[in-house]
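The following exercises are to be worked with the sequence and the structure at hand. Each task is followed by a solution in steps.

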Amino acid sequence: MKKILVVDDSALMRRVLCDIIESDERFQVEDRAVNGLEALDLLTKKTYDAVVLDVNMPQMNGLELLKELQKRKISARVLMASTDTKEGAKTTLDALELGALDFVHKPNNAMDCRTDAFKNRLLRVLSVVADSRAPSIGKSFSMEELKTSKKMVELVGKHASDVVGNKVVALASSTGGPRALQSVIPRLPKNLKAPVVIVQHMPAGFTASLAERLDSLSEVRVKEAAEGDVLEAGTVYIAKGGKHLNVQSSSGKYSIHYSDQPTREGVKPCANYMYESLMDSRYDQVVCVVMTGMGADGTEGIKHLKEKKKIHVIAQEASTCAVYGMPRSVVNAELVDQVVPLDQIAQEIIMNVGVK
């Protein structure tokens, strides 16, 4: 049975969260804390399989606790319970950067937490977080690393300038993805010879903030993909949460088209749709990248794509994944050309698509 720590300053919310968690025989709420200070005291003495952490609390809030855990090199598997607002999205991304593994939107009203939709999502994500690899402490992507990787990119670029062909990069990620993308996208040069489309499993409202953050760190342009956007080399397009992203071709150009089919693999956006939408494209090659995440999204789409197109598939290596689900699935399906650690994914993309 997995031992859980619940941290929330509202007594009613704590009770509701604990009731939901204890309704599942896989979990036991081992301890409760009313703020980050109490939680920190507990985390210095005990180990838990997962921590469900509120953001806004007196004395020490959720982000301050995560910073303190990093400072003290205390490893914990943290699931953030966050509110779905513009400010909430920014805070959630800060939390993911500081080592939280995933998040659920927590309704403002404790009674709304008793819905089946919230209960099922909380238990599903908690199960993934409790089984995941604990985050490596203090390993956020630093500016120092960025300088080093730029030198690497220059070296790689010399070899990549003679890569020929019209290509596109299609990347899929889920749990652990927002943080992992910070180790990939800022390492891509602005003269990359291909566009990059990304499906990151996130609800509506969070993908715009993720795109803004990655754009501020990167040489390539990063944007939340808008309906009708024409794909351009050196630009990264992140699928909107809550819609399925497809790549459509017309008069020799490729553009973004959103569809509203039901969830697939339990997610929306689903990378399978993105990969399948490229089956009839005229790209010479599709470079498929599958990174950290639960489940098997991407595998079926890549399998179908391979029947029609020349593809090159890169999977993130297990020990560098927060959750080795999606990459494991493509590896097991024998669809993979390369398995590489997170910090080498960008250079492999560059080597495969080239630079201008």
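Helices (H or I, at least four residues) and strands (E, at least two) are DSSP runs, numbered from the N terminus. The model is a predicted one.

**Exercise 1.** Locate T175 and determine whether T175 is buried or exposed.

*Solution.* Step 1: T175 lies in the loop that runs between β6 (167-173) and α7 (177-181). Step 2: the relative accessible area of T175 is 2%. Step 3: buried means under 20% relative accessible area, so T175 is buried.

**Exercise 2.** Identify the surroundings of T175.

*Solution.* Step 1: residues up to four places away in sequence are set aside; T175 then touches L101, D102, V128, T292, G293, M294, A322 and V323. Step 2: with D102, the side chain of T175 also forms a polar contact of 3.3 Å.

**Exercise 3.** Describe the open sheet of seven strands and find the strands at its edges.

*Solution.* Step 1: the strand order is β8-β9-β7-β6-β12-β13-β14, and the pairing is parallel. Step 2: β8 (221-224) and β14 (338-340) each have a single partner strand, so they stand at the edges, with one side of each left without a neighbour in the sheet. Step 3: from one strand to the next, the twist averages 20°. Step 4: four bridges link β8 to β9 (residues 235-238) in the parallel sense, and R221 stands opposite T235 in β9.

**Exercise 4.** Characterise the position of T92.

*Solution.* Step 1: T92 belongs to helix α4 (residues 86-97). Step 2: its relative accessibility is 2%, so T92 counts as buried. Step 3: apart from neighbours within four places in sequence, T92 is in contact with S82, F103 and F206.

Conventions: Residues numbered from 1 in each chain as written. Predicted model: local features only at pLDDT ≥ 70, side-chain atom pairs only at ≥ 80, totals over all residues. Heavy atoms only, no water. Buried < 20%, exposed > 50% of the residue type's maximum accessible area, 1.4 Å probe, protein only. Polar contact = N/O pair within 3.5 Å; in protein donor to acceptor, adjacent residues only side chain to side chain. Contact = heavy atoms within 4.5 Å. Pairing = 2+ DSSP bridges. Axes fitted to C-alpha atoms, helices over the stretch in contact; angles between N-to-C directions.
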